[in-house]
Amino acid sequence: GARGARVADGLTGLVAAGVVAAPLAAIVMGGLRPQLLALPGDPAFRGALAASVAIALVSSVVTCLMAWGIAEARRTLLLPTRLGRRPWAVGFVDLAATVYLAVPAIVFGVGMFLLLRGWADTFALAPALVLAANVLLSLPFAARVVQGRLAENGARYDRLCASLGITGRARLRLVEFPAVRRELGFAAALAAALSVGDMGVIALFGSDAFRTLPWLLYLRSGQYQGGEAAAIALVLLALSLAFFAGIERLVGGRDAGR
């Protein structure tokens, strides 16, 4: 009956919460060590932190711009007020946004390595390659978040904007951005959080000259420096949560996340 369903729902929620909370609690408890206080004095940590923060922020911006472009292209192909509805072409747009879900990051990295090997120093291009991989990782989710609201907004205001002569930056500022701001904030936060913790392409191109926090965590774990590795893991967790909450609120506005 209804009571049994509520009990089952409650137990399912508790199990799900435990699955998520237990590893996070282990990271927090394991990372609260003396090595945590020593991390700011480690040049390798400072360099990895700066690289991770820079790549995450740039990845967030580029992902949102690409997600908006894909959502705009999809809207143009579907709205009768634009090109007269061409749903057959939408599949190509969707493929561009989601193809990376079927391609592991390590495969993308190997492909880029083989493509650029004879033309450039792939290790010198490591930051750009990691950035590209992080953008492609979060792009499918960001595009899916943005495109629904953008399409709805176009269907509602296309004719009105055309009749009033509202185009270009004026339409973006007055009509589009206020309507999509909350979704854009979530997409930006998700892209930054995914980027800061990604351990994909960096596994191929990480070096002493270029490190990110996940790569440094991997190195310290492999060198049996468990205390430092646990402290770095805690920093990564805190940074991901801070990025997600801060960027979502900054971009998405005061009501973001509610």
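Student: Why is F244 called partly exposed?
Tutor: Its relative accessible area is 26%. Buried means under 20%, exposed means over 50%, and partly exposed is in between (1.4 Å probe, protein chains only). F244 at 26% falls in between, so the label is partly exposed.

Student: What should I know about the model and its numbering?
Tutor: This is a predicted model, in which local features need pLDDT of at least 70 and side-chain atom pairs count only at pLDDT 80 or more, while totals for chains, interfaces and linings use all residues. Residues are numbered from 1 along each chain as its sequence is written, and side-chain values use heavy atoms, with hydrogens and water left out.

Student: How many aromatic pairs does the whole structure hold?
Tutor: The search finds 2. Rings of Phe, Tyr and Trp (its six-membered ring) pair if their centres lie within 6.5 Å; planes under 30 degrees apart are stacked, over 60 edge-to-face, and the rest tilted.

Student: What makes F186 and F244 an edge-to-face pair?
Tutor: The ring centres are 5.7 Å apart and the planes stand at 90°. The distance is within 6.5 Å and the angle is over 60, so the pair is edge-to-face.

Student: Which parts does this pair tie together?
Tutor: F186 sits in helix 7 (residues 168-196) and F244 in helix 10 (residues 226-252), so the pair ties together parts 58 residues apart in sequence. Helices here are DSSP runs (H or I, at least four residues), numbered from the N terminus. F186 has 32% relative accessibility, so it counts as partly exposed.

Student: Why is the pair of W215 and Y218 called stacked?
Tutor: Their ring centres are 5.4 Å apart and their planes are at 25°. That angle is under 30 degrees, so the pair is stacked.

Student: Are W215 and Y218 buried or partly exposed?
Tutor: W215 has a relative accessible area of 9%, so it is buried. Y218 has 49%, so it counts as partly exposed.

Student: What do the buried residues of helix 9 pack against?
Tutor: L213, P214, W215, L216 and R220 are buried in helix 9. The buried residues pack against helix 3 (43-78), helix 7, helix 8 (202-205) and helix 10. Just after helix 9, Y224 takes a positive phi of about 60°.

Student: How do you know that S59 is buried?
Tutor: Its relative accessibility is 0%, so it counts as buried. S59 lies in helix 3. Leaving aside neighbours within four places in sequence, S59 is in contact (heavy atoms within 4.5 Å) with L131, N134, V135, S138, A191 and S195.

Student: Which residues make the nonpolar surface patch?
Tutor: I106, V107, V110, L114 and L204 make it, over about 380 Å². Helix 5 (residues 105-116) gives the largest share, 4 residues.

Definitions and conventions. Patches are made of residues with over 30% relative accessible area and no salt bridge: like charges are joined within 9 Å, nonpolar side chains (Val, Leu, Ile, Met, Phe, Trp, Tyr) within 5 Å. Accessible areas come from the Shrake-Rupley method with a 1.4 Å probe; for residues, only the protein chains shown count as cover. A salt bridge is a side-chain nitrogen of Lys or Arg within 4 Å of a carboxyl oxygen of Asp or Glu. Helices (H or I, at least four residues) and strands (E, at least two) are DSSP runs, numbered from the N terminus.
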